[in-house]
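Student: I am new to this structure and would like to get to know it step by step. Could you take my questions one at a time?

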Amino acid sequence: MLGIHGDNAPMNTERPAFVWTIAGSDSGGGAGIQADMATIQDLGCHGCSVVTTVTAQSSVAVTLVEPVSAAMLMAQLTTLLSDLPPKAIKIGLLADQTQVALLADWIASFKIHYPSVPVIVDPVMVASCGDALAVDNCQDIKSAAKSALDFKPFKGLIELITPNVLELGRLTHSDVSTKAQFAAAALALSQSLDCSVLAKGGDVSFGCTDILDDTHAQTQTNAHDIAYKSNGWDLELAEDYLVCRQVRASSKLHQNGRFWLASQRVNTRHNHGSGCTLSSAIAAVLAQGFVLQDAVVVAKAYVSQGLSAAIGLGQGPGPLARTGWPNNLSRYAKINLCDGNFISYQLNQHLDVGNDLVATVLSATDQATAQVRIASTPPQNILSHGFKVLDADLGVYPVVSDLTMLESLLSAGVKTVQLRIKTGISELTTAELAESDLGKSALGRCESGKSKSGEPELIGSELEAQIQTAIALGKHFNAQIFINDHWQLAIKYHAFGVHLGQEDLAVTDLAAIQAAGLALGISSHSYFELLLAHQYSPSYIALGHIFPTTTKQMPSAPQGLAKLKHYVALLQDHYPLVAIGGIDLANLAKVKATGVGNIAVVRAITKAKDPLAAFAELSQAWEQCSLSEELAVKHELGAKHE
């Protein structure tokens, strides 16, 4: 059967996720329902529409805005829900406060039966051409624009709201003339609506504060440029501020984080429907099982891509181009973390003690050092060339927790192994803890316990001795030994490399690792974490966990093969990629089919009756998959030339 583009690829018969858009109709086709439906389909979902408002508009004007009746609005919602229940909902233009109240009541009832379905609100107030859209029972468009709908009925019912700078000022009744005020208003809105906020700075223009005058303002003057820079904004960047609030299924590290997302500004006037496109793209990505932070960065890249390829259709601003799932890494935003969540997370994870003990154990110097490292994330102190580049693919990459198995694998000729010895305390504070009676007490509790994987936990001199021995074995067998977590000891004994989790990045001296010439591997569990890892230019990035795993307790859900394929498409030309988590002989071929070049295996080797035989069998199967893939490519190329 031919694919949708007429090639020989098999047609995708899997049922797409249903995404609803509850918004206004744009008769010009560039924004509103029309833009939403095009975006949802372009990103692989099936769109369903609930029309709130009919607008008579083109690329240059909105001449009439007419809301549908309450009965019609409810009938659309009820009819759709009985047959096509959504995986995500995007809400756009609401004509008046009556529609806000009605929809809030409906969502409250809907959430009783569908509590995990995310609802995204784009608080549309003004069209790209500058005319008002929300009527609020006022026939005068300019008067309507001076008022703003009250979205407080949505408090606690929605996952995300996406105001631009002018909408943010109106929703919070605050001055957003500076970048700091913009961020403060976004945080205030998050608190007042009990949801995450993506405050969009891409169309920021601080020449004046009136919504109508600003929309029609003459921009790009020298005076305007000065205003931008003096208020903290960079003219070259489109900067959005993401405030996360109890993000479902997200890493504990990021579920309440705050981040600046910065992309290169696209110099085009053809931006009609960019806000609609962004919010509906977020909904479409969420509907496919990604976490909120992932959905935001993918949607932002999608909009950037669409703006770059946009063309004019009418006399005014043209709509965004629909360019498919964004796989160009340059289109993705740079992420800057804005708070100290890392340090609190690190302490809570690694010290099973109260806050007063934490404060006692960590000296003022330690806390200051940690905060400096947090403030410097992403890594301004990492050299531009990043970390050591690996000479060859890792292939099947064993992760072991004891020296006996490590030595057996090395003796059998395995050239890359990771030693993962988990302890009950962060290495950042190990030395300081050992110097105090209080610290010794905490260390004693950790040493006598078990890790989350059930392995005995090591600490202090015993841990150091094992890591020193592992590194020495690696040198003896001319192998690449990566030490998990314990970067100070890895530097001290000149390991080949270090592997870190996301929670370790801000409290690790990455510049010291780089200066020591060590390779660096970083774990990731989402698009968002992939981008954070990429900003350090590591030696490799681990992608996981792909399948359910029992080797360690994971905060996130299994990523699955579909997500892995997306990650590989984005990064395969930039880094060696390592899939990890529940991989064994039974699923190895399916993992290879995603295009990933390497796999890390834990249980399939460490729990095998004969670990060496298990490794040999896995390696042979992986190589056979590679050979089959190579032959298939050659066959395809040969067929094209016949």
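What follows is a conversation about a predicted model.

Student: Let's start with the whole chain. What percentage of its residues is buried?

Tutor: Happy to begin there. The protein chain contains 24 helices and 18 strands. A residue counts as buried when its relative accessible area is under 20%. Among the 642 residues of the protein chain, the buried share is 54%.

Student: Which share of the contacts in the protein chain with a separation of 6 or more comes from residues 24 or more positions apart?

Tutor: For this one we look at partners by their distance along the sequence. Taking the contacts with a separation of 6 or more, the share from residues 24 or more positions apart is 69%.

Student: Ile282 was in your list. Which residues does Ile282 touch, leaving out those up to four places away in sequence?

Tutor: Not counting residues up to four places away in sequence, Ile282 touches Ile120, Leu160, Thr162, Leu198, Leu292, Ala295, Val296 and Ala299.

Student: How are H10 and H20 oriented to each other?

Tutor: Helix H20 covers residues 527-534, and its axis lies 7 Å from that of H10, at an angle of about 65°. Angles of 65 to 115 degrees count as roughly perpendicular. H10 and H20 are therefore roughly perpendicular.

Student: What kinds of residues make the contact of H10 with H20?

Tutor: On the H10 side we find Gln293, Asp294, Val297 and Val298, while H20 brings Tyr527, Phe528 and Leu531. Sorted by kind, they are 5 nonpolar, 1 polar and 1 charged.

Student: Which residue is joined to Gly544 by a cis peptide bond?

Tutor: Most peptide bonds are trans. Here, though, a bond with omega of about -15° is cis.

Student: Is His173 buried or exposed?

Tutor: His173 belongs to the loop between helix H5 (165-172) and helix H6 (179-193). Its phi is positive, near 55°, in a residue other than glycine. With a relative accessibility of 72%, and over 50% being the cut-off, His173 counts as exposed.

Student: And what is the phi of His494?

Tutor: His494 lies in the loop between helix H18 (487-492) and strand E14 (497-500). At 55% relative accessibility, His494 counts as exposed. Although not a glycine, His494 has a positive phi, near 60°.

Student: How far apart in space are Val50 and Gln76, C-alpha to C-alpha?

Tutor: Val50 is part of strand E2 (residues 46-57), and at 0% relative accessibility Val50 counts as buried. Its contacts beyond four places in sequence include Ile33, Leu73, Gln76 and Leu80. In sequence Val50 and Gln76 are 26 residues apart, and in space 5.9 Å.

Student: One more: is Leu157 buried or exposed?

Tutor: Leu157 is in the loop between helix H4 (141-145) and strand E6 (160-161). Among the residues Leu157 touches, not counting those up to four places away, are Ala104, Ile107 and Val119. Since its relative accessible area is 16%, Leu157 is buried.

Note on methods:
Residues are numbered from 1 along each chain as its sequence is written. This is a predicted model: local features need pLDDT of at least 70, side-chain atom pairs count only at pLDDT 80 or more; totals for chains, interfaces and linings use all residues. Side-chain values use heavy atoms; hydrogens and water are left out. Contact means heavy atoms within 4.5 Å. Axes are lines fitted to C-alpha atoms, for helices over the stretch in contact, and angles run from 0 to 180 degrees between N-to-C directions. Helices (H or I, at least four residues) and strands (E, at least two) are DSSP runs, numbered from the N terminus. Angles under 35 degrees count as roughly parallel, over 145 as roughly antiparallel, 65 to 115 as roughly perpendicular and the rest as oblique. Ala, Val, Leu, Ile, Met, Phe, Trp, Tyr, Cys and Pro count as nonpolar, Asp, Glu, Lys and Arg as charged, and the others, Gly among them, as polar. Buried means under 20% relative accessible area, exposed over 50%, partly exposed in between (1.4 Å probe, protein chains only).
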